[in-house]
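Please go through this structure with me, contact by contact.

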Amino acid sequence: MSNQQYTLYPNKNGPAIGTAAVPVLQEDGLFFKDSARTGSLLPYEDWRLPAQARAEDLASRLSVEEIAGLMMYSPHQVVPSLPGGPFSGTYEGKDFPESGAQKWDLTDQQKRFLTKDHIRHVLAAGLENAAVAAQWNNRLQALAEELPWGIPVNISSDPRHSASKSGAEYKTGGGDVSKWPEGLGMAATFDPQLCRQFGEAVSREYRAMGITTALFPQIDLATEPRWMRFEDTFGTHPAQVTELGKVYCDSLQTTQGSPDGWGKDSVCAMAKHWPGGGPCEAGRDAHYAYGKYAVYPGKNLQTHLRPFTQGAFQLEGPTKSVSALMPYYSVSWQQDTKNGKNVGNSYSQYLIQDLLRQTYAYDGVVCTDWGITADPAPAMDSFGSRCFGVEDLTEAQRHLLALENGVDQFGGNSDIRPILEAYRLGCEKYGEEKMRARMEESAVRLLRNMFRCGLFENPYLDPREAEE
């Protein structure tokens with residue numbers, strides 16, 4: 001079946017193969033993409049294999065530069081990119097109104113970060129509507145398909161279904177999506193089934209716009225009413241937050257009828273903020289240096305962990321666990337009972353490596369919150385001083401420390417240089433073989449989520465269906 005932008009090859013009892021440029025292989029009467037253009041079926045191209053095996057095969061083939069690209073996130077993208085906005089770009093060197101470009105055309109910056117920086121995780125902020133979003137997705141995927149290995153683009157989004165906008169982070173309802181209460185409003189319904197319907201609506205609408213990763217839900221306990229992110233939580237009661245978080249992650253990720261729950265209708269959930277961002281000192285938020293401390297009054301860290309350990313990590317549906325996790329900016333004050341270090345959560349060996357990875361055996365993607373690796377700004381009320389406790393380290397040393405702890409991805413960093421320098425430092429410290437294995441470990445986790453959502457088989461969208 002042919003579309004102007006791509007061709008679909010239906011498989012009996014298997015996923016449809018969508019391609020704009022990649023050759024298609026036939027084996028045993030089935031269609032497969034020849035993404036590597038070898039003329040033979042490689043394990044990562046074989047959709048009959050488990051996502052884990054495919055991810056391991058592809059990760060072993062990638063260069064360090066290509067793995068570093070997977071670890072980065074693009075800047076916020078607005079489609080179309082208009083001049084004068086906070087995230088504006090150019091089209092063939094011209095502003096959008098002067099360029100004659102279509103609304104869904106790729107900017108010069110988007111072409112560069114795909115082809116030169118190997119970025120495959122793209123953060124969508126403003127999307128004019130679903131039809132434009134679908135066609136922009138198709139342009140991104142077609143360009144990515146032409147590049148070595150044919151790794152598709154994983155488009156992510158902050159919450160976009162809220163009836164209001166929060167001042168805590170950049171949000172938009174753009175993309176003609178349905179409107180729902182904020183997290184606190186959902187909690188006020190005391191209705192888990194309604195929350196499930198909400199998650200199912202979000203996943204349908206996100207996939208219609210090409211979005212396959214949700215940078216939510218926010219399952220922090222709302223124990224500090226002065227906190228500016230209070231309204232995005234599921235409230236104050238540990239049992240209720242745990243239940244709603246579990247239901248929401250499950251409904252986002254599950255493709256009905258799939259044996260493991262993953263498939264073309266799935267959206268990867270990135271629950272936040274480990275180990276709980278709610279107990280911020282005096283209600284001050286850790287986006288800013290003056291709010292960097294989480295103080296856990298009453299020594300109740302375990303209570304704040306419950307929405308993760310008993311909720312997001314123990315889904316009742318077939319996907320079993322949330323696919324990704326985001327630590328908060330905060331310094332969890334005096335919670336490191338092993339090393340006694342008061343550093344930002346992603347820099348804490350105890351909180352990430354010992355507690356998350358080992359004690360709770362979490363093997364999903366860990367992505368830092370946005371902008372924690374950059375050098376601090378001179379004023380403590382600047383919106384960007386977030387390398388708490390490791391200000392004396394270089395950017396590369398901060399990246400290496402996070403990697404040593406088990407972090408896989410760096411939110412808000414689209415500069416490959418400090419990651420490659422961190423790799424070099426790691427090779428000096430541990431040897432090239434061990435450092436390469438550490439990079440592949442993160443690549444496997446990141447690629448596995450793409451395979452789970454069927455992006456390698458068909459990342460393309462019909463704009464008319466998306467609009468409907």
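Helix H1 holds both Asp 57 and Arg 61, which sit 4 residues apart, about one turn of the helix. The model is a predicted one. The two side chains form a salt bridge, and their closest N and O atoms are 3.0 Å apart.

Are the two partners buried or exposed? Asp 57 has 14% relative accessibility, so it counts as buried. Arg 61 has 31% relative accessibility and counts as partly exposed.

## Salt bridges between separate parts of the chain

How many salt bridges does the whole structure contain? A search finds 28. One of them joins Arg 48 to Asp 28, with the closest N and O atoms 3.2 Å apart. Arg 48 is in the loop between strand S4 (30-33) and helix H1 (51-61), while Asp 28 is in the loop between strand S3 (24-27) and S4, so the pair ties together parts that lie 20 residues apart in sequence. Arg 48 is partly exposed, with a relative accessible area of 37%. Asp 28 counts as exposed, at 62% relative accessibility.

Asp 408 and Arg 357 make another salt bridge, at 2.8 Å from N to O. This pair links distant parts of the chain, 51 residues apart. Asp 408 belongs to the loop between helix H11 (395-405) and helix H12 (417-430), and Arg 357 to helix H10 (residues 349-359). Both Asp 408 and Arg 357 are buried. The two also take part in a network of salt bridges.

## Aromatic pairs

The count of aromatic pairs comes to 23. Trp 274 and Phe 308 are both buried.

Phe 451 and Phe 456 are arranged in another way: why do they count as stacked? Their ring planes are at 15 degrees, with the centres 4.0 Å apart, so the pair is stacked. The cut-off for stacking is planes under 30 degrees apart. Phe 451 is buried, with a relative accessible area of 5%. Phe 456 counts as buried too, at 4% relative accessibility.

One aromatic cluster is formed by Trp 180, Phe 198, Tyr 206, Phe 216, Phe 234 and Tyr 248.

## Packing of H4 and H5

Two packed helices are described by the angle between their axes and the distance between the axes. Helix H4 (residues 108-115) packs against helix H5 (residues 130-146) at an angle of about 35 degrees. The axes are 10 Å apart. The crossing of H4 past H5 is right-handed.

Which residues make the contact? H4 supplies Gln 110, Lys 111, Leu 114 and Thr 115. H5 supplies Trp 136, Leu 140 and Leu 143. Sorted by type, the residues of this contact are 4 nonpolar, 2 polar and 1 charged.

## Ala 124 in strand S6

Ala 124 has its place in strand S6 (residues 121-127). The residue counts as buried, at 3% relative accessibility. Which residues touch Ala 124, leaving aside its neighbours within four places in sequence? The contacts are Gln 77, Trp 136, Ile 155, Ser 156, Ser 157 and Arg 160. Trp 136 is also one of the H5 residues that meet H4.

Ile 211 is 87 residues from Ala 124 along the chain, and the C-alpha atoms of the two are separated by 8.1 Å.

## Thr 319 in a loop

Thr 319 is found in the loop between H9 and strand S11 (324-327). Is Thr 319 buried or exposed? Thr 319 has 7% relative accessibility, so it counts as buried. The cut-off for buried is under 20% relative accessible area.

Neighbours within four places in sequence aside, Thr 319 is in contact with Asp 250, Gln 253, Thr 254, Asp 260, Gly 261 and Trp 262.

Terms used. Residues numbered from 1 in each chain as written. Predicted model: local features only at pLDDT ≥ 70, side-chain atom pairs only at ≥ 80, totals over all residues. Heavy atoms only, no water. Axes fitted to C-alpha atoms, helices over the stretch in contact; angles between N-to-C directions. Helix = DSSP H or I, 4+ residues; strand = E, 2+ residues; numbered from the N terminus. Left-handed = near helix turned anticlockwise from the far one by under 90°. Contact = heavy atoms within 4.5 Å. Nonpolar A, V, L, I, M, F, W, Y, C, P; charged D, E, K, R; others polar. Buried < 20%, exposed > 50% of the residue type's maximum accessible area, 1.4 Å probe, protein only. Salt bridge = Lys/Arg side-chain N within 4 Å of Asp/Glu carboxyl O. Phe/Tyr/Trp six-rings, centres within 6.5 Å; stacked < 30°, edge-to-face > 60°.
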